[in-house]
Structures are given as C-alpha cells and as structure tokens.
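Please look over the sequence and the structure before reading on.

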Amino acid sequence: MYTISVTTTFRAGHQLKFSSGAEPYHIHDWLVEAAIGGEELDNNGLLFDFNRLKKILDEIAGPFNDKKLEDLQCFKNINTSAENIAKYIFGQIKNRLPMNVSPLFIEVTESEGCKAKYGENLSI
C-alpha cells in the first residue's frame, strides 16, 4: 500500500463542556495531518497529488480559522474535542477522494504533546 500525508494549521478557540461544567474558553494553534492510502499509482506515478490533498484539507479546516469552534454549524451540539474534530475532518476528506484512494487517519494536535487521531481502520 502507498500512503501520503499533508498538514495544515488553523488558529481557533474552544470550550469543552463536562458534566461538572465548562472549561474556560481558550485558543490553540491547531495542527492537522491527513494521511491517505491506496494500492495503485496513477499514470504519473502518484497515489494522489499532494497539492490537491492539501487544497482539500485547507478547504475543510480553513473555515475554523479565527473562530470559536462551538459557533460553527458542523460542531453544534458536539463537544469540540480534538477527537471530534479529527472525526469530522476524516468524514469530509473521505467524501472528496476518488474510489481508489482511502483516508487512513486524521491526526489533530491541540497543543504540543496533546493530539488525537481518528481513522476507521486504526488498531489500538
């Protein structure tokens, strides 16, 4: 299997809610890595064009920039954890890829040393 990945960043705030109450609103410089895979290369020797994948990832994560994540429609009634952000981005990328390429995982880094990964076939 061939794999490629790209990264993007966005700056956004969030406020997680717990049964004991909400944490204070705070802002992060988020880092997102998107990895995709497939069995075959195209006529150009590529699994998928890096620039195309980066554009897709930027189109998905770009609207998060300089926003309070809870205010976005895609996160209404969902805690804006790194895990939920990764799952949302995964679903959006999956819908934009050709049939011969699959998303492997999305990894969202909230702050240094704190990251979450989502993929449908990840093993623990």
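The model is predicted. Two packed helices are described by the angle between their axes and by the distance between those axes. Empty space is found by rolling a probe the size of a water molecule over the atoms.

**The packing of α1 and α2**

- Helix α1 covers residues 50-61 and helix α2 covers residues 82-94.
- The two helices pack at an angle of about 130°, and their axes lie 10 Å apart.
- The crossing of α1 and α2 is right-handed.
- From α1, the residues Ile56, Leu57 and Ile60 meet Tyr88, Ile89, Gln92 and Ile93 of α2.
- By class, this contact of α1 with α2 comprises 6 nonpolar residues, 1 polar residue and no charged residues.

**The largest pocket**

- The volume of the largest pocket is about 180 Å³.
- This pocket is lined by 13 residues, and those closest to its centre are Phe90, Ser102, Pro103, Glu120 and Asn121.
- Both α2 and β5 (102-111) supply at least two residues each to the lining of the largest pocket.
- Strand β5 provides the largest share of that lining, with 3 residues.
- By class, the lining of the largest pocket has 8 nonpolar, 3 polar and 2 charged residues.

Note on methods. Residues numbered from 1 in each chain as written. Predicted model: local features only at pLDDT ≥ 70, side-chain atom pairs only at ≥ 80, totals over all residues. Heavy atoms only, no water. Axes fitted to C-alpha atoms, helices over the stretch in contact; angles between N-to-C directions. Helix = DSSP H or I, 4+ residues; strand = E, 2+ residues; numbered from the N terminus. Left-handed = near helix turned anticlockwise from the far one by under 90°. Contact = heavy atoms within 4.5 Å. Nonpolar A, V, L, I, M, F, W, Y, C, P; charged D, E, K, R; others polar. 1 Å grid on protein atoms, 1.4 Å probe; cavity = no way out; pocket = protein on both sides within 12 Å on 5 of 7 lines; lining within 4 Å. Points joined across faces, edges and corners; volume = space filled by probe spheres on them.
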